[in-house]
Structure formats: C-alpha cells, structure tokens
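Here are my notes on the model, as numbered points. Please read them with the structure open.

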Amino acid sequence: MISAQVVVVGGGPGGYAAAFLAADLGLKTALVDPEVNPGGVCVYRGCIPSKALLHVAKLVAEARHAKAWGIAFAEPAIDLTKLRAFKDQVVGRLTNGTGLLAKSRKVQYLQGFASLDDAHSLRVKLVAGGEETVQFEHAIVATGSVPAVPASLRLDDARVMDSTSALNLPDIPKSLLVVGGGYIGLELGSVYATLGSAVTVVEMTPGLLPGADRDLVDVLAKGIGKIMKAVLLNTRVVQMKAAPEGIRVTFDAGAGTRDEVFDRVLVAVGRRPNASVPGLDKTRVRLDERGFIVVDEQMRTAEPSIFAIGDVVGEPMLAHKASHEGRVAVEVIAGSKAAFAPLAIPAVVFTDPELAWAGLTEAQAQAAGRTVTVAKFPWAASGRAITLDRVDGLTKLVIDPTTERILGVGLVGSGAGELIAEGVVAIEMGASASDLKLSIHPHPTLTETLMEAAEVFFGQATHVYKPKRT
Amino acid sequence: MADFTLPELGENITAGDVLNVLVKVGDTVARDQAVLELETDKATIEVPSSLSGKVTAIKVKAGDKVQVGQAILSFEDNGASASPAPAKVAPVAAAPSQPPPPPETAAPAERVRPAVEKDNVVDISRGTRPAQPPAPASTPASSGPSAPAAPSVRRMARELGVNIDEVAGTGDDGRISIDDVKAHAKRLITTAAAGGTAPHPAGEPLPDFSRWGAIERQPMRGIRKKTAEHLGASWATIPLVTQYDSADITGFEEIRKRHAAQGEKTAAPLTVTTLAVKIVAAALRQFPQFNVSIDMAAGEIVVKKYVHVGVAVDTDRGLLVPVVRDADTKSLMQVSEEVAALAEKARSRKLSLEEMQGGTFSISNLGGIGGTSFTPLVNAPEVAILGISRARMEPVFRDGQFSPRLMLPLSLSYDHRAIDGADGARFLRWVAGVFEQPFLLSLQG
C-alpha cells in the first residue's frame with residue numbers, strides 16, 4: 001500500500017503539471033496513468049504528433065509555393081514509414097522526458113488504471129499485473145476527454161477514423177472526408193490534403209470554427225479552400241455505409257440528399273469528457289448534464305478531498321488550460337487561496353494560415369451587448385508579411401473605448417499561434433492600447449502588427465493611413 | 001420610399017460579398033452609420049449609409065454578391081434623407097478615411113468625434129460601433145473590464161481576502177500595484193476596528209505555527225468568544241487611563257478576623273471584595289460622573305440614578321461578572337451574602353443572563369491569586385473599573401517612625417472621554433480613605 005498526500009489520476013499535460021508542482025512543494029505525490037510515461041492525449045495522440053505532421057505539411061506547401069519565386073522543386077516523394085517514425089520519435093523523446101522528470105522529482109508513477117474505493121483511497125490495476133492501493137489526503141482527477149462519435153457516424157470499419165487513428169497515418173487515401181469543421185478536422189484534413197489526398201470537409205453549421213470571429217475565419221477559409229477539394233457548410237452527414245469501393249456517405253444540405261464515396265472518413269465532431277473513473281459514484285463528486293465533473297473556481301469537487309482539472313471539468317478542452325488548472329488545484333491543496341481566474345485563455349488553430357485568439361472576441365462582445373472598439377491591422381501593410389509572401393493575415397484588437405484597455409486579441413496568418421502569446425500577456429497585465437503602441441517591437445517582424453493595430457486605434461498607424469476625425 | 005444603393009467603393013471595385021448586414025428592418029439609421037460589412041477583392045469594409053431614416057426593407061443578405069449601384073436598403077420616405085453621395089475609396093490598407101461619428105447609443109464616456117463631411121469618400125473603417133442589442137434572454141452587459149492589475153497582484157489580493165475590484169490603483173490609469181492591495185487590506189482592518197460594530201478583523205495573517213513545533217487548534221467557544229469580542233471592542237473604543245493608589249487596611253483586617261472568628265453564626269464571610277462593593281457604591285453616590293455611560297451617537301451622557309456593582313468572578317469556563325443591585329442601599333452584611341451567593345452560582349453555572357446585566361461599575365479583585373498591581377479594562381458601556389491586588393505588609397512611615405502596615409494595592413481604570421484625571425485621583429483617594437476607616441461608611445448612610 002502506498003500513502004500519498006496528493007495522487008493525480010491521469011498523466012496528461014494537466015495531470016503531470018499538477019503532480020510535478022505538488023512534488024516541488026514537498027508533497028508526497030503519486031501519478032496514475034495507463035501509458036508508459038506521462039504525456040496523455042496531448043503528447044501521445046493530440047497536440048504534439050499533429051504539430052509534427054503539420055510542420056511537414058507546411059514545408060511541402062512552402063516548397064510548392066517557391067515556384068512563384070523562381071525556385072522549383074520536384075513534387076515530393078513521401079515515405080510514410082519514415083514520416084511515421086519521425087512523428088513517433090518526437091512523441092518518444094517528449095514522453096521519455098516527462099518520465100525522467102517524474103523520476104527526478106520522486107513522483108511515484110503507477111502505470112495502470114485507477115478506481116476509487118472512497119474519498120481517501122483508490123486502487124490501481126497495474127499494466128504490469130497486480131494491484132496497488134493508494135491512501136491519499138487529496139486526489140486530483142485529470143482524466144481528460146475522448147473523441148465523441150455520434151451514433152449516426154458510428155461504423156465498425158477501419159476506413160472510418162477518429163483523430164487517434166488518423167494520426168497513425170495508415171496510408172494517404174485518394175479521397176478523404178473530414179466530418180467536422182472544428183480545429184481537429186481542419187488540422188488533420190490539412191495534413192492529408194498537403195500529402196496528396198483529395199479532402200472534403202463537411203460542417204453542419206454555417207461556418208468553420210464556431211466561436212472564432214468571422215473576419216478571422218474568412219481569411220483562414222480562403223487558405224483552406226485552396227488545399228481542400230471542397231468545404232461543405234450547412235451540410236449534415238445522414239448516413240455512412242461500408243462498401244467495397246469505399247465508405248458511402250449520404251449528405252443532406254437541406255435540399256434533398258446525395259451520396260458520395262470516400263476512401264476514408266475522419267470523424268472529428270468534438271470531444272466528450274472522460275469522467276468514467278470507477279468508484280467516482282462512491283464519493284460526493286457530481287457530474288453536470290454534459291458529463292463534466294462539477295468544480296468551483298478552486299478546482300474543488302463536492303468531495304472535499306477530491307479536485308478535478310482539465311478537459312474533464314469543462315470547455316475549452318485545451319492542454320494549457322488544464323496545466324494551469326492543475327497548478328491551481330495543487331496550490332489550493334498546499335494551503336494557498338489560489339483560484340482559476342484567467343482573463344484570457346489563448347486558442348490556436350494550427351492550419352495554414354494559423355488562427356489564434358485570446359480574451360474577449362468581437363462576437364462575444366456583441367452577444368453581451370458590450371460596446372467595444374475594434375482596431376485591425378491587415379498584414380498587407382506589414383513589411384515582414386510581404387517578405388514572406390504571406391499577406392493573408394489580419395491582426396485585431398478588441399478594446400474598451402472608455403479605459404482603452406485591451407480586452408481581446410485575434411490573429412490570423414502565418415505564425416499566429418506564436419504571436420498570440422503577446423496578446424495574452426497584454427490582457428492579463430491590464431495593458432492599454434497605449435502600452436502596446438509605446439512598446440518598441442522589432443523590425444521587421446510580424447509582432448509589429450500588434451503594435452500597429454494599437455496605433456490604428458489612435459488613428460496613427462505608420463503603415464496604414466486612416467486618420468482619426470477631430 | 002428611398003433606396004440606398006451600393007456606392008462606388010474605389011478603383012476597379014465593382015462588387016463585393018456581403019459578410020454581415022448591420023441593421024434590421026425598423027431600425028433608425030443615421031447618415032454615415034455603417035449598414036453593411038462587405039468583402040471585396042481588396043479588403044473587408046464597412047459601408048456607411050448616405051441616407052438616414054427608418055429602414056423598411058433589406059434587400060441583401062449575408063453571402064450575397066452585390067454590385068455597385070444595387071439596392072441594399074429601403075428607407076421610409078420622410079424627407080430626412082440626404083441626396084445619395086457618389087463615393088469612392090481606396091483599399092483598406094491605404095484608405096484615407098475617417099472613423100465614423102459616435103453612434104447614438106455609445107457610452108457617454110466615449111470620446112466624441114464630431115462628424116465631418118468629406119466629399120466623395122465612403123467611410124470604411126470599423127471604428128467604434130454600437131454592439132448589437134442583446135438577445136432577449138442574454139445576460140446583461142458586463143459592467144466593464146476587470147480591474148487593471150497583473151495576475152500576480154490579483155493573486156496577492158485573493159490571498160489577503162481583498163476584492164480586487166474595490167482596490168483603488170495609484171498607477172497610471174488606476175493600475176493596481178501590490179502596494180495598493182496591501183494598503184487597501186490595512187485600511188480595511190483599521191476601519192473595521194475603529195467602527196466597533198463591524199465584525200472584528202482577524203488581524204494580520206498568522207504564520208504557520210506548526211513550523212516551530214506541534215500545535216492544536218481549538219474552537220473559541222461561548223464565554224471565551226464573547227469575552228474576546230467584548231473586550232476587543234472596549235479596547236478599540238475607550239481611551240483608557242489607569243491610576244494607582246494603596247490603602248492601609250490594617251484596621252479593617254482586624255475587624256475582618258474578629259468577624260471571621262464568629263463566622264459560624266453568619267452565612268457569609270466579610271472580605272475585601274464585599275467591602276470594596278460597599279465602598280464603591282458609596283463612592284458612586286459621591287462622584288456621580290463615574291456612574292454614567294457615553295452615547296457618542298446621540299452626543300449625550302447617560303447618568304444612572306441607580307448603583308449596580310459588578311464583581312468579576314473567575315470560573316473554570318472563564319470570566320463572569322454578576323451584578324449586585326442597588327449596592328448603595330444594602331448593608332455590608334447583605335452585600336457580603338449576595339456576593340457569596342452570586343459567586344457560587346457563577347461557579348456552578350447557575351447564573352442567569354439577567355444577573356449579569358445592568359452593572360454601572362465593576363470590581364476585579366485578583367488579590368486572591370497574587371500580583372502587585374494591574375490595569376483593569378473598563379467593562380463597556382460602564383466608564384470605570386476598580387482593580388484590587390494582593391494586600392501585603394509594608395513598612396510605612398507614620399507618627400515619626402516606620403511601622404508594619406497591611407497595604408492594599410488599588411488601581412482605577414476609567415474612560416477618559418467621561419472622566420477627567422483629577423476626578424479619577426479624587427475618586428480613588430476617597431475609596432482608599434474609606435478602606436482605611438470603614439466606619440466612615442456608616443456616616444455615609
């Protein structure tokens with residue numbers, strides 16, 4: 001039997017961040033996860049492997065684009081085995097790293113599946129065989145989420161993939177249907193499209209990436225439109241049937257149905273919380289109607305000894321949100337009055353171009369009836385964007401007109417995912433448009449677009465002539 | 001009925017895709033108000049109306065492709081519309097255009113940008129525009145951005161139990177620093193203490209005592225909690241002065257011993273405490289300014305026409321103060337019996353609340369335990385208290401030589417708001433004098 005002050009169930013980016021901090025604070029800590037090393041969905045079959053593949057896709061796309069600059073490469077020869085090996089090596093390196101970090105911190109790592117006996121003890125069915133009991137003062141449930149597959153899209157056929165199997169790159173199908181116009185579908189669809197598949201994206205709602213501001217999505221949609229065979233909006237998949245020649249999919253776009261056959265289908269319509277820890281019902285932990293564990297802003301469940309963090313407690317299901325929540329939970333356990341109270345959680349879509357936002361969106365401001373001023377800087381006016389031949393970008397600031405505080409930042413364009421971090425710091429620090437304007441940004445870089453967007457707010461942008469009325 | 005048609009937008013732009021229609025039928029549109037978000041080959045722009053009035057029809061929808069000159073909106077014909085101005089603009093990145101005039105619904109705090117006519121230019125900047133009215137079921141508009149404080153400062157406020165939105169920032173634009181949060185917390189604590197009625201502050205954050213050894217936390221129960229609250233309030237509100245004196249009780253001690261020798265005949269012993277009750281009762285008649293309470297709120301002094309003397313009793317549950325009523329009208333023997341009875345009730349937990357209320361002055365005698373002198377704390381809303389320590393033999397110079405006398409240390413604490421120092425000295429000397437010659441009491445009646 002092991003006794004621990006903190007046991008973390010789930011070794012994803014939320015769980016291992018929590019376990020590591022607990023150990024750093026001198027608490028006796030155990031971490032339970034079925035994988036060999038900490039990492040979770042993010043490192044094993046999510047953020048990390050998809051980014052490795054997207055990097056490759058970007059290189060291929062740029063090589064093709066180079067023709068416009070007088071540099072012509074032959075079409076790439078793709079060795080899937082080697083590409084998979086590269087991706088696996090990336091995952092291996094990172095997970096070995098987290099494993100080593102756990103060991104150096106003396107976090108007791110239990111490879112297995114946890115089930116709760118009561119509010120102070122759990123059992124781990126070890127992958128290596130046998131069972132281990134853990135008596136704990138506090139537990140943190142960080143069991144994450146799993147791909148959601150609605151009944152109408154369930155088909156027991158290897159050609160119908162979810163994000164996990166799609167990341168394994170079984171082959172490069174001639175035709176691929178991506179069901180779902182969210183970030184997972186668009187990212188993986190982009191990889192397959194760049195590697196040579198004819199990709200069709202089907203989305204039920206009128207637009208891609210619900211939640212993001214339309215002006216940003218419009219730029220992204222143009223880029224996506226160039227590499228995809230088709231993007232079907234307002235269209236529902238009614239039925240899928242396995243046929244020898246492929247998967248026969250029935251679409252309904254409102255005016256009758258039509259069929260089309262695809263070599264493969266990727267279902268990426270969302271994720272659902274994974275609160276299926278056996279024995280959770282023996283505690284006072286409560287779930288809401290969508291299956292998320294109910295927690296307060298200190299990440300406490302209704303059971304005083306049990307905390308929960310990450311995808312399993314609610315949207316947005318993002319690794320960096322989970323890590324932050326995990327650290328908050330541990331600080332609370334250690335006696336601090338910490339709470340999860342961010343002003344901005346950045347969201348990034350790693351397509352080409354990338355799309356990123358943080359804080360208040362323009363759409364949210366409108367829905368809330370809040371008066372805001374939006375300042376935009378088009379990348380066509382950025383020297384750096386022009387040198388990259390990537391003027392398909394836009395930087396926008398959502399600003400409170402009274403205090404001139406930056407409430408939200410939206411970006412679309414090459415490298416937007418890196419640029420958004422400055423926006424997060426600006427929002428969290430309570431920066432005003434003047435603060436951004438008065439901070440010298442290096443030239444020539446894309447970061448200048450943030451500074452110049454702030455200048456646009458004052459009608460004084462160097463590279464945009466849009467004077468203010470006086 | 002007048003139609004607003006898509007104006008000329010700039011060189012070589014003949015059409016665009018409608019992204020958003022920014023008005024609805026029934027809206028009243030001002031001239032230059034943005035009515036359409038349009039995407040052209042070159043830029044995304046907002047198209048301002050060249051007409052004003054009530055919208056009766058919208059002829060395009062999001063996703064439509066519209067040509068220059070195509071009808072977009074119909075207005076009610078009320079003569080207010082201006083003649084459509086032909087307009088043209090350059091693409092957004094180089095557009096010499098102006099932000100729109102402030103919309104009518106804009107917050108008053110917004111800086112005002114008076115409209116300026118500019119010929120032939122359509123205003124395409126987005127500028128400030130009113131948010132669309134919230135859907136009926138939507139949440140009310142947020143009151144504004146959160147407090148301008150860095151995450152580290154917000155965390156510190158949370159640790160101190162301070163609401164960051166209530167902290168006044170001293171930095172530019174009200175930015176809140178760690179020092180601002182600390183100053184606010186300090187102010188909260190001191191104003192709560194001065195206010196008296198506010199819940200007593202917890203004081204400064206406590207260190208983790210267990211770092212230095214084992215501890216046990218016990219709940220503060222009943223009497224202890226009441227005492228803490230009551231004396232905390234007394235301490236915080238009363239400007240307290242203590243004066244010291246001592247009384248030669250050699251004579252009284254002889255009487256006391258003689259009385260005790262025939263003690264079996266009487267129920268209650270004669271003690272320093274019972275004599276003190278009787279002397280103080282007489283003193284309060286002599287010095288009525290000690291038999292009052294202060295009503296600061298009303299600006300009045302409440303003078304009591306009765307004399308009820310409280311006697312502090314040490315019990316295993318803490319300090320209790322039963323009251324001897326009308327002590328000035330009772331004989332020394334009656335007072336002795338009553339004090340003995342009340343003390344017994346206090347120790348056996350039989351004291352009623354009624355028996356502890358209504359005191360006008362208190363006595364605390366620690367002489368049974370020891371000590372040379374102490375500062376008693378006034379039992380508010382009373383204004384004075386007499387402290388008695390242990391009597392002891394001292395060499396006293398009298399009649400030309402030192403002689404051993406039994407001296408009783410006395411201390412009088414009083415509320416300086418009600419009592420002047422000279423009166424305090426007179427009161428205490430008077431009390432000491434009667435201790436020395438108790439027969440004076442019978443002269444007082």
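**Notes on the predicted model**

1. Start in chain B. Thr28(B) has Lys54(B) as its bridge partner in β6(B). Two bridges link β3(B) with β6(B), residues 53–58, and the two strands run antiparallel.

2. Now place that pair in its sheet. The sheet is open and has four strands, ordered β1-β8-β6-β3 in chain B, with antiparallel pairing. Its edge strands are β1 (2–5) and β3 (28–29) of chain B. Each of these two pairs on one side only.

3. Turn to chain A for the overall picture. Chain A holds 13 helices and 21 strands. It has 470 residues, and 50% of them count as buried. Take the contacts in chain A with a separation of 6 or more: 65% of them join residues 24 or more positions apart.

4. Next, the nonpolar cores. The largest one has 145 residues. Which residues touch the most other members? They are Val7(A), Ala18(A), Ile140(A), Val265(A) and Ala308(A). Helix α1 (residues 13–24) of chain A gives this core its largest share, eight residues. In soluble globular proteins, nonpolar side chains tend to be buried together.

5. Leaving out residues up to four places away in sequence, Val7(A) touches Ala30(A), Val32(A), Leu122(A), Val134(A), Phe136(A) and Ala139(A). One of these, Ala30(A), stands opposite Gln108(A) in β3(A). That position belongs to the pairing of β2 (residues 29–33) with β3 (residues 108–118) of chain A. These two strands run parallel and are joined by four bridges.

6. Follow β3(A) onward. β3(A) also pairs with β4 (residues 121–126) of chain A, this time in the antiparallel sense, over six bridges. Ser115(A) stands opposite Arg123(A) in β4(A). How many residues lie between β3(A) and β4(A) in their hairpin? There are two.

7. Chain A also has a parallel sheet. This open sheet has five strands, in the order β7-β14-β8-β9-β10. β7 (160–161) and β10 (230–232) of chain A have a single partner strand each, so one side of each lacks a neighbour in the sheet. Helix α6 (residues 183–195) of chain A packs on the sheet. It touches β8, β9 and β14 (264–267) of chain A. The direction of α6 makes about 165° with that of β9(A).

8. Look inside that sheet at one strand pair. β8 (residues 175–179) and β9 (residues 198–202) of chain A are parallel and share five bridges. Leu177(A) has Thr200(A) as its bridge partner in β9(A).

9. Helix α4 (residues 80–104) of chain A passes a length check. Its 25 residues should span 36 Å at 1.5 Å a residue, and its end C-alpha atoms are 36 Å apart, so the two agree. The buried residues of α4(A) are Lys87(A), Thr95(A), Thr98(A) and Ala102(A). They pack against α1, β2, α2 (40–45), α3 (47–65) and β3 of chain A. After α4(A) comes Lys106(A), with a positive phi near 65°.

10. Run the check again on helix α8 (residues 319–333) of chain A. Its 15 residues should span 21 Å at 1.5 Å a residue, and the end C-alpha atoms are 21 Å apart, so this agrees too. Is α8(A) mostly covered or mostly uncovered? It is mostly covered, with 13 of its 15 residues buried. Gly335(A) follows α8(A), and its phi is positive, near 105°.

11. Last, His463(A). It lies in the segment after α13 (448–457) of chain A. Why does His463(A) count as partly exposed? It has 17 C-beta neighbours inside 10 Å, whereas a buried residue needs 20 or more and an exposed one has 12 or fewer. His463(A) touches Ala381(A) and Glu452(A), leaving out residues up to four places away in sequence.

How values were computed: Residues numbered from 1 in each chain as written. Chains lettered and ligands numbered in written order. Predicted model: local features only at pLDDT ≥ 70, side-chain atom pairs only at ≥ 80, totals over all residues. Core = buried A, V, L, I, M, F, W, Y, C linked by C-beta atoms within 7 Å. Contact = placed C-beta atoms within 7 Å. Pairing = 2+ DSSP bridges. Expected span 1.5 Å × (residues − 1). Axes fitted to C-alpha atoms, helices over the stretch in contact; angles between N-to-C directions.
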